[in-house]
Amino acid sequence: MAENMSVVINVNGAGREVSVEPRKTLADAIREDLGLTGTHLGCEHGVCGACTILLDGEVVRSCLMLAVQADGAEITTIEGIADGDALHPMQSAFSEYHGLQCGFCTPGMILAGIDVVSRNPDPSPQEIREEMGGNICRCTGYQKIVESVQAAAAVMSAEGGSA
Amino acid sequence: MKPAVFDYSAPESIGEALDLLAEHGSGAKVLAGGQSLVPMLNFRLARPAHLIDVNGVGSLSYISANGALRIGAMTRLTALGESGDVAGAHPVIPAAVAQIGHRAIRNRGTIGGSLAHNDPAAELPAVLMALDAEVTARSADGERVIGMQDLIEDRLFDTTLDDTELLTEIRIPAAAGSSFGFREFARRHGDFALAGVAAVITTDGSTITQAALGAFGGTHATRLPTAEAALVGAEAGDAAFAAAGAGAAADFPATSDVHGTAEYRSHLINVLTVRALKDAAGQAGGGNG
Amino acid sequence: MTTTQENRWIGVSAPRREDAPLIRGRGRYIADIEPAGTVHMAILRSPYAHARINGIDTAAAEALDGVHCVLTAADLEGIGDFPTIWRLPGQKECTTPAFAPGKARYVGEPVAAVVADSRYLAEDALDLLDVDYEILDHVVDVEAALADGAPVINEDMGDNTIIEYTFPGINALGVAGDIDGAFEEADEIVSGRFKVGRYSGVALETRGHVAEWDDLRQTLTLHSGSQVASLLRTELAAALGIPETSVRILTPNIGGAFGNQWDRYPEDILVSLASMKLCRPVKWIEDRREALQATVHGREQLQEWQLAANSDGTVLGLKGRVLSDQGAHLHSVGIGPAWVTGAAAVNQYKIANYHCDVVGVATNKTPNSTFRGFGGPEAMFGIERMMDKTARRLGIDPAELRRRNMIQADEFPYFSPGGAVYDSGNYPAALEKALEAVEYDKVREEQQSLRDQGVYRGIGIASYIHVSGFGPSAILGILDYYTGGYEGSTVKIDPHGRATLYTGMIPMGQGTETTLAQVAADHLEIDIANVRVVWGDTDQTPYTGFGSAGSRSNVAAVAVIKAIEEIKAKAVRIGAGLLEADPDDVAYADGRISVKGAEEMRSLSLADVAQQAYWAHKLPEGDQPTLEATYVYDPANFTTACGTHVAVVDVDIDTGKIDWVKYVVVDDAGTIINPLLVEGQIHGALSNGLGGAMLEEFVYDEESGQLLSSTLMDYLVPSFTDLPDFEIHHLVTPSPHTEGGFKGMGEAGCFPAAGALANAVTDALSHLGVEADQTPVTPSRLWSLIDQAGG
């Protein structure tokens with residue numbers, strides 16, 4: 001076993017320090033060492049998008065990074081996007097438009113949706129489909145996710161900003 | 001699916017990275033964007049004793065457009081795809097980058113990592129071959145410049161880089177006055193292509209004066225010399241494009257897998273070559289299929 | 001919270017109560033559960049399709065620091081296998097063992113297990129296990145498995161034929177039709193041979209368990225994503241040799257199940273056994289590679305059909321042979337899906353003469369078992385392709401051919417020669433509505449002009465029946481299906497008038513918690529906020545005969561309604577006493593108990609009555625204190641959901657690429673509880689159906705027996721750009737056999753999908769005579785058909 005390394009990560013706005021083996025993936029560290037189990041593991045080879053987080057503001061797959069690589073970084077997980085009790089518009093829209101069923105892909109979908117809208121405030125359904133293609137859902141057939149993201153985009157634009 | 005044990009170093013300079021490579025040699029693996037290497041670690045298909053993470057080497061990330069386009073090996077694909085300098089010099093590059101994986105992959109993946117990993121279905125090795133790019137490889141002993149053809153040869157998931165060498169820069173000569181087409185066919189948006197082609201041609205108005213075609217999705221990235229020969233000197237039009245398509249099928253090292261037969265892929269490269277050339281002739285964009 | 005005027009909740013798109021934690025990342029899935037002291041299990045799986053295991057050296061693994069135990073077949077003394085619970089007459093005996101029994105029969109079969117401090121460490125230990133394999137000849141093709149001299153996968157069976165079952169085509173009068181006569185008499189005989197590809201649910205969450213053996217109380221708590229906790233409890237206790245009363249199954253959030261989680265698996269035993277050995281919590285989370293190798297596959301069949309028709313389009317007879325590639329051994333439901341294929345293949349059509357042989361065949365592949373649709377989509381693919389082939393042969397429009405053969409709305413109940421009794425429906429109306437929605441005549445016209453421009457557009461119709469709400473237990477008995485078909489529900493009204501509903505159903509994403517709350521609130525006529533639903537704890541919830549499935553809410557809903565009827569009757573009796581009225585003059589309405597005609601004056605709230613029921617100071621004679629009821633509902637009949645889908649596609653004949661133009665659904669699932677959730681279920685089932693029609697396939701290498709589709713880069717699930725926007729229309733023909741008129745609907749969307757797609761592709765290429773008879777219709781396959789046809 002290689003020696004543990006200390007890693008300092010700003011997680012959802014708070015500084016945290018964890019001690020991990022170099023081989024530990026960032027996804028596992030988020031779930032096990034930081035206790036944030038909203039980040040899900042669906043494939044561990046970068047295909048499904050369930051482990052999507054924001055790393056310094058950009059979407060990444062946390063299963064394709066080592067925890068030690070996040071030293072000094074800021075990460076945002078699904079637990080960090082609501083403003084206290086107030087849901088992020090993307091979260092509300094997913095519920096309102098039935099953009100989730102089993103909920104397993106949902107944290108990744110919501111973060112990917114926020115990322116899409118942050119770059120394109122008024123995406124068309126086709127743009128949403130192309131931009132979010134890296135996130136897999138087995139339950140919804142995607143149509144209601146597209147509707148959710150569109151609806152959230154409208155709310156986010158009206159509120160004058162994204163996440 | 002958890003990685004086996006490895007030692008980990010995160011050098012902050014090229015020199016440090018080269019020293020580590022010199023020290024660990026074949027037992028070491030360079031971690032660039034990690035979008036191909038980390039899955040292999042998770043599957044335990046790659047079991048390096050030592051991982052040298054060069055993400056902290058800031059001097060490997062740059063795009064410079066003074067003269068030839070020079071791109072640092074650790075330039076992320078998102079930055080590559082969104083760079084005005086790159087798009088201005090070689091618009092085929094952003095067209096190709098748009099087809100690589102998905103946003104989350106491009107945010108981490110790097111140009112140097114893609115070349116060094118050399119997946120035969122990856123876009124960039126073939127595109128850079130068509131652009132006659134060169135790479136700089138450095139080791140503790142010095143540096144050398146390698147043409148794309150010589151870097152890739154007919155290898156897959158491997159290059160002619162030595163174990164102690166680090167790919168540091170990609171240099172692409174100007175190709176003023178050329179036009180391009182880029183076509184690939186993947187079963188889903190963002191997947192590795194079953195076949196794909198980047199075509200860069202120059203005409204004097206009607207006759208094709210230069211043609212460079214790079215193909216991917218076969219057993220290895222390759223130029224398509226028969227197709228190029230069919231184009232140079234010919235009138236830009238359906239007849240030349242059809243001849244080039246047939247030439248591409250002859251040149252393409254097609255192979256069978258779960259996604260399609262070799263016969264199908266040979267046919268695809270023909271169709272895609274013709275479509276890419278039509279795009280180039282019409283200065284249109286590109287895309288899947 | 002949405003409210004309705006009179007607290008009527010059925011038919012309302014009530015928001016899902018499941019969502020709130022899930023959108024915040026506060027769901028609690030199996031991998032999120034980690035009691036103090038948990039250790040982690042990893043499983044060594046056979047890398048060979050067929051290999052004798054001569055020995056396993058575990059010493060190095062056991063010596064690794066942090067390893068707690070290694071399990072192999074040698075540790076299974078006294079441990080039983082899981083039974084195959086559907087045991088048709090003539091079916092050879094077959095069970096699911098915890099470890100490969102002396103030899104591995106498919107790539108991925110469990111060979112040994114390691115428990116260590118972390119999953120990382122457990123995988124390190126797997127690397128140190130040394131197995132002495134003797135590689136045997138393998139067979140991964142169903143026809144090759146039946147050939148003389150094929151390697152025998154289960155020696156005790158003698159050969160690879162597990163069962164040959166015949167549907168003789170018994171009609172309503174109890175006699176077999178005249179299949180030979182029909183074929184002699186017919187003007188045309190149309191043949192088809194279809195390969196239905198092997199694919200599966202591939203839920204985004206993999207399987208997993210956390211087992212906690214409590215040595216003090218001698219009880220086992222298993223946190224599990226099983227869809228059928230009751231059956232798992234029964235079978236797990238039996239396999240482990242401990243009293244069922246000592247086993248508790250707790251179900252957390254499930255990240256998709258799609259039928260695959262209906263089965264019992266080797267790991268259910270292994271993780272429990274390890275916890276019992278170590279007296280500490282043991283966790284096993286399947287990784288994706290394991291999930292593709294070792295969670296049951298579905299569908300794969302080779303079908304041969306012959307259809308006899310008169311030149312006017314009347315179908316006289318249908319006969320077929322279905323080879324079901326079962327994989328290495330029968331899993332929990334045996335050849336059940338293939339049996340359903342045989343039972344359902346006559347679909348919506350009046351086919352008087354029917355004969356079908358279903359053969360279950362063993363191959364060196366992962367077991368083929370429960371998957372959303374359960375044999376129905378396979379049947380619909382075959383028959384709907386046959387209808388199109390027949391239409392083309394006879395020169396009749398495919399819509400018209402269906403029209404001429406459909407069972408009419410006044411012909412229910414209809415006794416199908418497949419053996420099912422169809423309860424209700426209006427098949428022609430659904431067809432017409434679908435044709436109208438897709439603008440069939442217009443699309444046909446456009447098709448011609450587009451073809452002249454080199455655009456190959458095709459229209460594919462597929463109609464379906466979905467026999468759902470698997471039910472009457474007595475019928476399951478006749479089918480030798482060793483479980484019941486009932487669902488139980490307990491409803492308790494607390495002293496404040498709020499309701500708690502206990503169900504054996506397990507929500508897996510369909511919104512079962514919300515829909516059952518709607519049913520309860522609707523029938524109690526109270527605010528849905530005052531209904532709590534308790535699920536997922538076998539210590540609290542009723543035993544379910546059949547377990548949760550996408551199409552079981554209808555049965556569970558009736559159990560809720562029946563329990564509530566008892567509660568309302570009791571509330572009326574108690575209320576009558578309090579109101580000093582004759583119970584016959586008192587009624588339950590709007591959540592109140594009132595004297596009829598004097599509702600304003602002489603009326604009590606449910607809370608008033610409930611409080612009295614709990615005080616029990618003056619209860620009617622014969623009534624027990626408190627206000628609760630349990631009802632176990634055994635359905636009177638299956639329900640038959642039905643409808644028609646129409647797919648419109650463009651085919652790029654140069655690449656074999658299929659582009660969506662339109663997809664129209666007309667669905668009839670009886671009374672709809674929650675329209676928004678029904679739409680979600682149709683979309684999702686369509687995604688499963690079209691995934692298998694176009695992308696998803698477990699491919700095995702003939703030469704090595706290896707599963708080639710062992711990552712999600714090789715096994716392709718549909719993503720955003722692979723599916724169209726679906727246009728959905730409903731017909732509502734309530735089931736006459738169930739209270740409330742509900743029919744199971746969670747699976748129906750996947751039934752006609754592959755048939756509609758394949759018919760559309762075939763239609764697009766009709767000028768070439770290309771027939772899309774194998775799923776998935778991949779670009780490579782399609783192009784090679786086009787190429788062979790000279791296109």
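Here's a quick tour of a sheet, a domain contact, a helix and a chain-chain contact in this structure. The model is predicted, so read every value here as computed from it. Chain B is assigned three domains: domain 1 (7-53), domain 2 (63-172) and domain 3 (179-288). Chain B also meets chain C, with 17 residues of chain B in contact with 24 residues of chain C.

- Three strands of chain B make an open sheet, ordered β1-β3-β2, and the pairing is parallel.
- At the edges sit β1 (7-9) and β2 (28-31) of chain B, each of which pairs on one side only.
- From one strand to the next, the twist averages 25°.
- Strand β3 (residues 50-53) of chain B is joined to β1(B) by three bridges, and the two run parallel.
- If you want a residue pair to look at, Tyr8(B) has Leu51(B) in β3(B) as its bridge partner.
- Helix α1(B) packs on this sheet and touches β1, β2 and β3 of chain B. The direction of α1(B) makes about 165° with that of β3(B).

**Domain 1 against domain 2 in chain B**
- The centres of domain 1 and domain 2 of chain B, taken over C-alpha atoms, are 18 Å apart.
- Their contact draws on 14 residues from domain 1 of chain B and 19 residues from domain 2 of chain B.
- On the domain 1 side, helix α1 (residues 14-24) of chain B supplies the largest share, six residues.
- By class, that side of domain 1 of chain B splits into seven nonpolar, six polar and one charged.

**Helix α5 in chain A**
- Helix α5 (residues 143-158) of chain A has 16 residues, which at 1.5 Å a residue should span 22 Å; its end C-alpha atoms are 23 Å apart, so the two agree.
- Its buried residues include Ile145(A), Val146(A), Val149(A), Ala152(A), Ala153(A) and Met156(A), along with Lys144(A) and Glu147(A).
- Among the elements covering the buried residues of α5(A) are α2 (89-96), α3 (106-119) and α4 (125-131) of chain A, plus α18 (675-694) of chain C.
- After α5(A) comes Gly160(A), with a positive phi near 75°.

**Chain B against chain C**
- Helix α12 (residues 262-282) of chain B gives the most to the side of chain B that touches chain C, namely four residues.
- That side of chain B has eight nonpolar, six polar and three charged residues.

Definitions and conventions: Residues are numbered from 1 along each chain as its sequence is written. Chains are lettered from A and ligands numbered from 1 in the order in which they are written. This is a predicted model: local features need pLDDT of at least 70, side-chain atom pairs count only at pLDDT 80 or more; totals for chains, interfaces and linings use all residues. Two residues are in contact if their C-beta atoms, placed from the backbone, lie within 7 Å. Ala, Val, Leu, Ile, Met, Phe, Trp, Tyr, Cys and Pro count as nonpolar, Asp, Glu, Lys and Arg as charged, and the others, Gly among them, as polar. Domain bounds come from an automatic or database domain assignment. The expected span of a helix is 1.5 Å times one less than its number of residues. A residue is buried if 20 or more other C-beta atoms lie within 10 Å of its own, exposed if 12 or fewer, and partly exposed in between; C-beta atoms are placed from the backbone. Two strands pair if DSSP finds at least two bridges between them. Axes are lines fitted to C-alpha atoms, for helices over the stretch in contact, and angles run from 0 to 180 degrees between N-to-C directions.
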